[in-house]
Amino acid sequence: MAAKPKLYYFDGRGRMESVRWLLAAAGVEFEEVLLQTAEELQDLIKGGKLMYQQVPMVEIDGMKMVQTRAILRYIAAKYNLYGKDLKEQLLIDMYVEGMRDLYDIIMLLPFALPEDQEKNLSIVAEKATQRFFPVYEKALKGHGENYLVGNQLSWADVHLLELILMVEECKSGVLSAFPKLQEFKARISKLPRIQKFLQPGSPRKLPMDAAGFEAIEKIFNLEKGLLVKHSGLILADL
Ligand code: P9H
């Protein structure tokens, strides 16, 4: 039997959470190495295990994969969650990339100043309900199928559910004007593998709190509020 994929990251969502979701949706068990100190990160770098001296890194199929999107695409393709032809792949990419634009804003919220937090949460809710959710609502309504692309579960569906739950954590009620997305959320949440992942005790991580932020501050030498100073490393792929 092939070895389980091994995920290298810290004990939080960040950029790795979508990888956890996608593996869970594919029914693949995985192991995690959760970094706690800057030294542990340095050891990986010194060992030549991180192509860009960055995590996420996933050991799978004898490779050390980096770059979140590349990792996700590989997993999606390997486990038949990436459409049946190039056009379906394109559509999945178009949906997922839109979702990631919003996702990345949410992911970076812990780096903002506390006094901006409320305003930032409103911006997220507004972007979600004005720009992104209407696209997926229209797609589901238009073809009347249960999934976004090709009438079967894909990476786009898995990412959409993850995103919906994250936006709801920012502001509840954001789905009120989107009946198809409400239905979608209920249906996808009940798929056995997803349902299992949503249960307590699964590898799913919690939203970042102050303690979580302190932990990553130490690992990556970050400072709150200094987004610009860290932009080279944080905004590298926005
Ligand atoms: N393109 C942590 C929490 C929330 C959001 C981001 C980071 C980028 C990819 C060390 N990795 C702070 O920046 C931590 C990437 C990968 C790549 C890293 C360095 C980040 C974070 C950790 N930074 O998509 O995989 O930026 O290793 O020296 O750059 S994640």
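Two aromatic rings of Phe, Tyr or Trp count as a pair if their centres lie within 6.5 Å. The model shown in these views is predicted.

**View 1. Y9, F10 and F220 form one aromatic cluster.** Is F10 buried or exposed? F10 is buried, with a relative accessible area of 7%. F220 is partly exposed, at 25%.

**View 2. F133 and F178 form an edge-to-face aromatic pair.** The centres of the two rings are 5.8 Å apart. The angle between their planes is 85°. F133 sits in helix 5 (residues 117-143). F178 sits in the loop between helix 6 (155-170) and helix 7 (179-189). The pair links distant parts of the chain, 45 residues apart. Both F133 and F178 are buried. The count for the model comes to 7 aromatic pairs.

**View 3. Strand 3 (residues 57-60) is covered on both faces.** In a regular strand, side chains alternate between the two faces of the sheet. Here M57 and E59 are on one side, with V58 and I60 on the other. These four residues are all buried. Strand 1 (residues 6-10) runs antiparallel to strand 3, and 3 bridges join them. K6 stands opposite E59 of strand 3.

**View 4. Strand 3 and strand 4 form a hairpin.** How many bridges join strand 3 to strand 4 (residues 63-66)? There are 4, and the two strands run antiparallel. I60 has M63 in strand 4 as its bridge partner. The hairpin has 2 residues between the strands. D61 takes a positive phi near 50° there.

**View 5. The ligand is surrounded by 16 residues.** The closest are Y9, Q54, V55, Q67 and T68. Which distances separate oxygen atoms of the ligand from side-chain N or O atoms of Q54 and T68? For Q54 the distance is 2.9 Å. For T68 it is 2.7 Å. A polar side-chain atom of R15 lies 3.4 Å from a ligand oxygen atom. On its own, the ligand has 670 Å² of accessible area, and the protein covers 92% of it.

**View 6. The peptide bond from V55 to P56 is cis.** Its omega is near 5°. Most peptide bonds are trans. P56 lies in the loop between helix 2 (38-46) and strand 3. V55 is also among the closest residues to the ligand.

**View 7. Q67 and N221 have a positive phi.** Most residues other than glycine have a negative phi. Q67 is not a glycine, yet its phi is about 75°. Where does Q67 lie? Q67 is in the loop between strand 4 and helix 3 (68-78). Q67 is partly exposed, with a relative accessible area of 37%. N221 is not a glycine either, and its phi is about 55°. N221 lies in the loop between helix 9 and helix 10 (231-234). N221 is exposed, with a relative accessible area of 58%.

**View 8. R100 lies over the face of Y103.** The distance from R100 to the ring centre is 4.9 Å.

How values were computed
Residues are numbered from 1 along each chain as its sequence is written. This is a predicted model: local features need pLDDT of at least 70, side-chain atom pairs count only at pLDDT 80 or more; totals for chains, interfaces and linings use all residues. Side-chain values use heavy atoms; hydrogens and water are left out. Buried means under 20% relative accessible area, exposed over 50%, partly exposed in between (1.4 Å probe, protein chains only). Two strands pair if DSSP finds at least two bridges between them. Rings of Phe, Tyr and Trp (its six-membered ring) pair if their centres lie within 6.5 Å; planes under 30 degrees apart count as stacked, over 60 as edge-to-face and the rest as tilted. A charge sits over a ring if NZ of Lys or CZ of Arg is within 6 Å of the ring centre and within 35 degrees of the ring normal. A residue is near a molecule or strand if one of its heavy atoms lies within 4 Å of it. A polar contact is a pair of N or O atoms within 3.5 Å; within protein, one must be able to donate a hydrogen and the other to accept it, and residues adjacent in sequence count only if both atoms are side-chain atoms. Accessible areas come from the Shrake-Rupley method with a 1.4 Å probe; for residues, only the protein chains shown count as cover.
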